[in-house]
Amino acid sequence: ADYLANRGAAIIIEDSRLKEDLLQMIQTLLKEPVKLQAMRTAMQSLARPNAARDIASHILELAGEERQ
């Protein structure tokens, strides 16, 4: 969560405050489309759509197998 929050892609709410703060945070974001778009853009820049496949391929390569 810190990784995403530090890059503007998420907001952290402590577990102990979740019940009190979650609804308010959602309502705030819905009223701030510029901030919400900035978070969306940050998240998209961090996305790695083929990450699982790439990791699996690398593991197989390290294990001495090559997968196409």
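Helices here are DSSP runs of at least four residues, numbered from the N terminus. With that in hand, the predicted model can be read element by element. The secondary structure of the chain amounts to 4 helices and 0 strands, and the order of elements from the N terminus is α-α-α-α.

The overall dimensions come next. The radius of gyration of the chain is 18 Å, whereas a compact globule of 68 residues would have a value near 11 Å. Along the principal axes, the C-alpha atoms occupy a box of roughly 50 × 30 × 15 Å. Burial can be followed through the chain as well: 7% of the 68 residues count as buried.

Attention now turns to one pair of helices. Two packed helices are described by the angle between their axes and by the distance between those axes. For helix 2 (residues 18–31) and helix 3 (residues 33–46), the packing angle is about 100 degrees and the axes lie 5 Å apart. Angles of 65 to 115 degrees count as roughly perpendicular, and helix 2 and helix 3 are therefore roughly perpendicular to each other. On the helix 2 side, the contact is made by Leu-29, Leu-30 and Lys-31; on the helix 3 side, Pro-33, Lys-35, Leu-36 and Met-39 take part. Sorted by class, this contact of helix 2 with helix 3 holds 5 nonpolar and 2 charged residues, with no polar ones.

Leu-30 belongs to helix 2 and is among the residues that make the contact with helix 3. Exposed means over 50% relative accessible area, so Leu-30, at 63% relative accessibility, counts as exposed. Between the C-alpha atoms of Leu-30 and Arg-53, which are 23 residues apart along the chain, the separation is 34 Å.

Arg-40, in turn, sits in helix 3. The relative accessible area of Arg-40 is 42%, so this residue is partly exposed. Arg-40 and Gly-8 are 32 residues apart along the chain, and their C-alpha atoms are separated by 8.9 Å.

Notes. Residues are numbered from 1 along each chain as its sequence is written. This is a predicted model: local features need pLDDT of at least 70, side-chain atom pairs count only at pLDDT 80 or more; totals for chains, interfaces and linings use all residues. Side-chain values use heavy atoms; hydrogens and water are left out. Axes are lines fitted to C-alpha atoms, for helices over the stretch in contact, and angles run from 0 to 180 degrees between N-to-C directions. Helices (H or I, at least four residues) and strands (E, at least two) are DSSP runs, numbered from the N terminus. Angles under 35 degrees count as roughly parallel, over 145 as roughly antiparallel, 65 to 115 as roughly perpendicular and the rest as oblique. Contact means heavy atoms within 4.5 Å. Ala, Val, Leu, Ile, Met, Phe, Trp, Tyr, Cys and Pro count as nonpolar, Asp, Glu, Lys and Arg as charged, and the others, Gly among them, as polar. The radius of gyration is taken over C-alpha atoms; the globule rule is 2.2 Å times the number of residues to the power 0.38. Buried means under 20% relative accessible area, exposed over 50%, partly exposed in between (1.4 Å probe, protein chains only).
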